[in-house]
Amino acid sequence: QVQLVESGGGLVQAGGSLRLSCAASGRAFSSYAMAWFRQAPGKEREFVAAINWNGGRTTEADSVKGRFTISRDNAKNTGYLQMNSLKVEDTAVYYCACHYAPYVDLPPRLAAMFGSWGQGTQVTVSS
């Protein structure tokens, strides 16, 4: 099992930027695809972005494409989500997650494919 801790959330004005980090410990983080999901009040958890185990492939939700960038530094056991041009509707708790199987080349988008989750970090975008 891998333990994940998110950080970097906060309050930002619309149009601003934030960079979320996901620090991993435990099993070999570098072998597993990871992803970011988010959940707004009263809404279901939704996919944001995912990256495969070596950083060679990424996929993003249409709602964040061109604004958010997922990346990872396996030497530091850390994943990132760079969020630019933030909108009020990006307000949510953001979670990072690790896939349950190693060396998956195509980054998955379904929450059920991820076996380890962090506790979440709040992102609030004001108008």
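Arginine 38 is buried, with a relative accessible area of 5%. Buried means under 20% relative accessible area, exposed over 50%, and partly exposed in between (1.4 Å probe, protein chains only). This is a predicted model, where local features need pLDDT of at least 70, side-chain atom pairs count only at pLDDT 80 or more, and totals for chains, interfaces and linings use all residues. Residues are numbered from 1 along each chain as its sequence is written, and side-chain values use heavy atoms, with hydrogens and water left out.

**Salt bridges**

The whole structure holds five salt bridges, each a side-chain nitrogen of Lys or Arg within 4 Å of a carboxyl oxygen of Asp or Glu. Three of them are tabulated here.

| Pair | N to O distance |
|---|---|
| Arginine 38 – glutamate 46 | 2.6 Å |
| Arginine 38 – aspartate 90 | 2.9 Å |
| Lysine 65 – aspartate 62 | 3.5 Å |

Aspartate 90 sits in the loop between β8 (78–83) and β9, and arginine 38 in strand β4, so their pair ties together parts 52 residues apart in sequence. Aspartate 90 is buried, at 0% relative accessibility. Glutamate 46 is partly exposed, at 34%. Aspartate 62 is exposed, at 65%. Salt bridges link Arg38, Glu46, Arg67 and Asp90 in a network.

**Strand pairing**

Helices (H or I, at least four residues) and strands (E, at least two) are DSSP runs, numbered from the N terminus. Two strands pair if DSSP finds at least two bridges between them. β4 (residues 32–39) runs antiparallel to β9 (residues 92–102), joined by seven bridges. There, alanine 35 stands opposite alanine 97. Three bridges join β9 to antiparallel β10 (residues 114–117); cysteine 98 partners serine 116 in β10. β9 also pairs with β11 (residues 121–126), antiparallel, over three bridges. Alanine 92 has valine 123 of β11 as its bridge partner.
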